[in-house]
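Let's take a walk through this structure together, one piece of architecture at a time. Keep the viewer open as you read.

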Amino acid sequence: MQAATGEATAEGAETPVLRHTALFVAVLIIATCGLIYELLAGTLASYLLGDTITQFSTVIGVYLFSMGVGSWLSRFVERHVPRRFVQVELAVALVGGALAPILFLTFTFTDAFRLILYGSVFVIGALVGLEIPLLLRILKDTVRFKDLVGQVLAVDYLGALAASLLFPLLLVPHLGLVRTSLFFGILNAVVGLWITWVLAPVLKQVTGLRLQALGIIGVLGFGMIFADRLTDLSEEAIYPDPVVYTKASPYQRIVVTRSARSLNLFINGNLQFSSMDEHRYHEALVHPVAMRAEKLSQVLVLGGGDGLAVRELLRYPEVERVVLVDLDPAMTELATQMKPLADLNRASLSDPRVEVRNEDAFAYLRDATETFDLVIVDFPDPNNFSLGKLYTTRFYRLLKARLAPHGVGVVQSTSPLLARKSFWCVNATLQAVGLWTEPYHALVPSFGEWGYVLIAHAHPPLHREMPDGLRFLTPELLPTLTVFPADMGPVPVEVNRLDNQILVHYYEDEWGRWN
Amino acid sequence: MSGFRPDRRELLTLFLGSAVAASACRRTSSRPRLETRIVDAAVDVGHRLREAARPAPGTPREQVGVCVVGAGVAGLSAVWRLAGAGVHDVAVLELDAREGGTSQSGQSPNGAHPWGAHYLPAPLEHRGPVVRLLEELGAVTGADGAGRPRFSEQMVLRAPDERLFYRGHWYEGLFLHAGASAGDEAQFARFLADIRTLARARDARGRRAFAVPVEESSDDAEWTGWDRQSMADWMDARGYTSPRLRWWVEYGCRDDFGCTLETTSAWVALWYFASRQDGEGERHQGYLTWPEGNGRLVAQLARALRPGQLRRKVLVHSVREVEGGCEIDAWDAAASRPIGLFARHVIYAGPRFTAPHVLEAWRKARPSFIDAFTQAPWVVANLSVRWPPAGRGFPLAWDNVLYDSKSLGYVVAGHQLERQWDGGPQVLTWYYPFTGADPKAERTRMLSATAEDWETLVMEDLLRPHPELPQLAQRLEVMRWGHAMVRPVPGFVWGPSRAQAVRPLGRVHFAHADLGGINVFEEAQYHGVRAAEAILREQGSQAVSWL
């Protein structure tokens with residue numbers, strides 16, 4: 001290097017002297033960034049779309065192809081080469097830095113994921129492809145050509161090595177995809193800013209470029225802060241699959257994760273459903289009781305803001321109106337607006353028959369005056385004293401008052417296997433307010449053996465057939481659900497009242513053992 | 001009062017104890033001052049007792065059947081009883097701007113909250129005036145097989161009811177089990193067994209040893225003898241040495257009586273534990289409570305009032321017996337004019353210590369038994385928060401107590417609200433009893449603290465369990481009660497003075513919780529109803545007693 005510099009100084013009578021060592025360091029970093037973006041795109045695509053081999057092959061293919069396009073395009077850059085080089089750097093910084101956040105948002109809220117994915121990869125590839133030819137042209141008068149090509153390509157490939165090691169070992173586990181993307185975008189832009197000093201002798205106007213660089217750093221930095229607010233690192237570490245959406249509403253923390261095979265929704269860290277087997281849970285929740293309803297015109301759903309129970313209800317043409325009471329507008333909005341979730345619930349909450357009320361279920365029941373043919377109670381498990389209130393004799397008395405004389409209902413009531421006392425406590429509490437009950441269960445692999453309690457004022461006869469198109473329930477299976485194996489059978493329990501909240505204690509004891 | 005102003009550390013040590021002071025002084029970061037207001041006003045009005053103008057002689061007096069002086073729980077209970085017998089020729093004169101006395105409540109943008117008494121132990125038997133009132137309120141849903149009343153679930157204190165903060169953690173319940181030795185636990189179990197025995201104890205006439213109201217308790221010396229000793233002595237004599245047990249018992253004394261183990265009669269301390277349970281094992285009857293505390297009961301009693309009967313901000317400064325009745329001189333502070341009444345009967349339902357200033361007969365010859373009545377001052381502060389604080393360990397409960405503070409901790413006013421969600425704006429009601437042996441000095445101490453001092457005290461007390469509080473707190477309102485509760489010191493409840501104080505003075509009947517020796521709702525209501533029924537009998541009524 002020293003020799004080259006000396007040579008350059010000796011030859012540099014007309015061209016300005018450039019600190020090309022600094023430029024090689026910049027190339028190293030830029031090369032690292034470029035490969036990081038490529039790896040990010042491949043990883044995200046395989047996370048979100050599945051089929052790792054296809055995703056990585058197509059991403060790498062598009063990336064290499066577009067680099068070729070970029071190199072070819074470099075011949076059209078005729079003037080202001082150093083200036084164009086800096087601008088290319090800044091453009092890569094912006095597109096690459098925003099890559100992961102944009103892809104997550106695209107996946108969550110639009111259908112255009114693949115378009116944006118390959119479009120971004122193409123743009124980044126083309127820009128990276130422009131870099132080396134432009135750099136070679138900047139340095140061609142400073143460094144001897146045979147040294148120049150060797151050195152530039154060497155640092156380029158060194159950067160690739162650095163990226164390929166950093167990415168799986170350090171970045172994904174510790175920073176997560178979104179932060180990695182933003183971090184390297186910022187790094188890229190900082191390098192771009194730095195180059196404005198290195199290339200100052202050959203750049204005419206630097207102020208504009210520097211302002212652009214600072215602007216990009218600012219935008220990406222803001223994104224970084226925003227990413228911190230959306231998710232925290234510890235949280236990303238908790239979930240097995242990549243987090244595609246998080247929202248901390250005043251009421252709860254909602255997290256959606258996505259893998260190639262499933263979409264999962266968590267509330268305060270507890271799995272609410274997995275698209276792998278939610279059909280089992282929701283078919284077992286809705287159909288056994290709906291088949292026992294004399295009428296199905298007016299239906300009340302408490303909780304169930306994911307719209308999946310409502311999806312099952314809407315299979316019945318007799319349903320005229322579904323009132324869904326869910327406290328958190330963030331939940332029902334997510335179920336309506338997030339594309340994969342709305343696909344899963346078949347846009348049930350947008351159906352004109354469905355009336356979404358974001359209200360406190362306790363207050364709603366106390367103040368409501370109408371009665372319902374069918375009531376579905378689908379609250380999260382009673383893992384704290386606030387939720388525990390929704391499983392008390394007081395709550396069930398209010399619920400009973402809203403049940404039409406012929407009405408029926410069902411209450412999700414945690415696992416009779418993993419939380420046996422809790423399950424039978426819910427059953428006992430419903431009986432304590434004078435309801436007829438029929439406990440039953442179904443296997444939902446991501447939850448375990450799951451329990452429900454069917455309720456009515458008196459034993460309800462069967463009123464209708466099972467609807468078509470179910471994936472789990474069959475007429476043959478139905479009678480077996482009320483059969484409890486010996487290790488899930490009734491146990492003596494106390495009734496859950498507001499003033500003892502015994503269920504929360506049972507639940508705490510039982511889940512504590514299994515967790 | 002000289003110009004002595006304690007510094008922050010002295011203030012904290014003096015009011016809350018050295019543990020709070022030490023922790024507060026370790027905190028370096030400063031926080032913005034919270035908007036704080038002292039909301040009591042009655043102190044000034046009350047102290048004008050002797051100066052107020054009288055009605056000019058010869059001014060015609062308003063004629064009324066019964067004049068009730070004081071619209072606290074006792075006064076309102078008297079009105080409620082009279083109305084129940086069809087007697088509506090009643091005037092009620094209340095010094096304060098609000099009725100309810102120490103059971104009054106308030107309403108803030110964050111919700112209703114108590115200003116004093118905030119719960120009622122669920123009655124054990126389906127009889128008496130408390131159950132009658134609760135039935136009117138819709139709190140009683142029936143009776144069980146044994147004749148015990150059942151209560152509406154939404155009015156029974158919901159779980160979790162209590163938690164205790166100790167060394168950085170919240171624990172469930174008020175007895176500190178965490179780190180307790182086998183000896184502590186054994187003493188605790190033995191104490192509970194003693195209480196169960198006392199709750200079952202009956203005298204030869206079948207009366208409970210410890211009953212609510214005190215009047216229905218056995219007067220057998222086997223138990224009333226303990227009234228002459230302090231609870232500290234009683235515990236010493238029985239080998240109850242566990243600091244945790246003594247803390248737990250003393251917390252009850254501070255909370256219900258504003259006294260310490262040393263200044264509470266052993267009989268009364270035991271009454272606190274034994275009178276509210278039936279002695280059948282661990283069965284817990286629970287408490288009845290509402291977001292506004294006993295303000296709900298006050299509102300129910302006040303339904304007996306007819307328009308115009310209750311006059312607020314009226315200071316009664318003289319009651320004298322004349323031919324056929326009593327003449328009452330009062331000062332209407334709202335209208336700034338003197339008023340005069342002539343009543344055939346008077347129910348004096350103010351605290352006992354005020355009577356010698358008001359009753360003419362006692363102004364001339366102050367009865368000696370009056371001085372046996374001493375009152376503990378209290379401060380109740382309502383802290384509005386954007387969001388209830390959480391803290392490490394057991395989750396937020398109704399009553400949240402700090403083990404090493406002299407405060408009583410705080411109650412979450414909205415705990416009882418019927419809703420699925422416990423977040424959002426709330427009011428925390430913080431209680432502070434002045435338990436010093438000299439109530440007069442304690443009143444001076446109370447009045448010496450400024451609004452800013454109270455802000456320091458409340459916030460520093462709660463910052464230890466809730467460091468996030470400055471971000472949650474919105475505003476603080478402070479009510480000072482100069483004479484909040486009668487102190488059941490040894491020898492008071494079963495001594496001669498209290499018995500003498502219950503007797504009427506001519507046409508003046510007395511009604512106040514302090515006549516029971518214990519400032520609780522049941523005593524106030526009992527004595528209010530008792531006084532009203534005495535007047536009904538004098539009027540020749542054949543009404544069946546509600547007691």
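In chain A, helix α4 passes helix α6 in a left-handed crossing (left-handed if the near helix is turned anticlockwise from the far one by less than a right angle, right-handed if clockwise). This is a predicted model, in which local features need pLDDT of at least 70 and side-chain atom pairs count only at pLDDT 80 or more, while totals for chains, interfaces and linings use all residues. Residues are numbered from 1 along each chain as its sequence is written, with chains lettered from A and ligands numbered from 1 in the order in which they are written. Helices (H or I, at least four residues) and strands (E, at least two) are DSSP runs, numbered from the N terminus.

Two packed helices are described by the angle between their axes and the distance between the axes. For α4(A), residues 81-97, and α6(A), residues 113-139, the axes come within 9 Å and cross at roughly 155°. Here axes are lines fitted to C-alpha atoms, for helices over the stretch in contact, and angles run from 0 to 180 degrees between N-to-C directions. The two helices are therefore roughly antiparallel; angles under 35 degrees count as roughly parallel, over 145 as roughly antiparallel, 65 to 115 as roughly perpendicular and the rest as oblique. Among the residues in this contact are A:F85, A:V88 and A:V92 of α4(A), and A:I124, A:L127 and A:L134 of α6(A) (contact meaning C-beta atoms, placed from the backbone, within 7 Å). By class, the contact has 15 nonpolar, two polar and three charged residues. Ala, Val, Leu, Ile, Met, Phe, Trp, Tyr, Cys and Pro count as nonpolar, Asp, Glu, Lys and Arg as charged, and the others, Gly among them, as polar.

The crossing of α4(B) with α18(B) is right-handed. The residues that meet include B:L76 and B:L82 from α4(B), and B:F521 and B:V529 from α18(B). The residues of this contact divide into 10 nonpolar, five polar and two charged.

Helix α18 of chain B also holds B:E538. With 13 C-beta neighbours inside 10 Å, B:E538 counts as partly exposed (buried needs 20 or more other C-beta atoms within 10 Å of a residue's own, exposed 12 or fewer, partly exposed lies in between, with C-beta atoms placed from the backbone).

Now for the strands. In chain B, eight of the eight residues of β19 (residues 426-433) are buried, so this strand is largely enclosed by the rest of the structure. B:Q426, B:L428, B:W430 and B:Y432 point one way, and B:V427, B:T429, B:Y431 and B:P433 the other. Eight bridges join β19(B) to the antiparallel strand β16 (residues 375-385); strands pair if DSSP finds at least two bridges between them. Three bridges join β19(B) to β18 (residues 410-412), also running antiparallel. B:W430 stands opposite B:A381 and is the bridge partner of B:Y410.

Back in chain A, an open sheet of four strands has the order β1-β2-β3-β4, with antiparallel pairing. β1 (243-248) and β4 (270-274) stand at the edges with a single partner strand each, so one side of each is left without a neighbour in the sheet.

Conventions: Contact = placed C-beta atoms within 7 Å.
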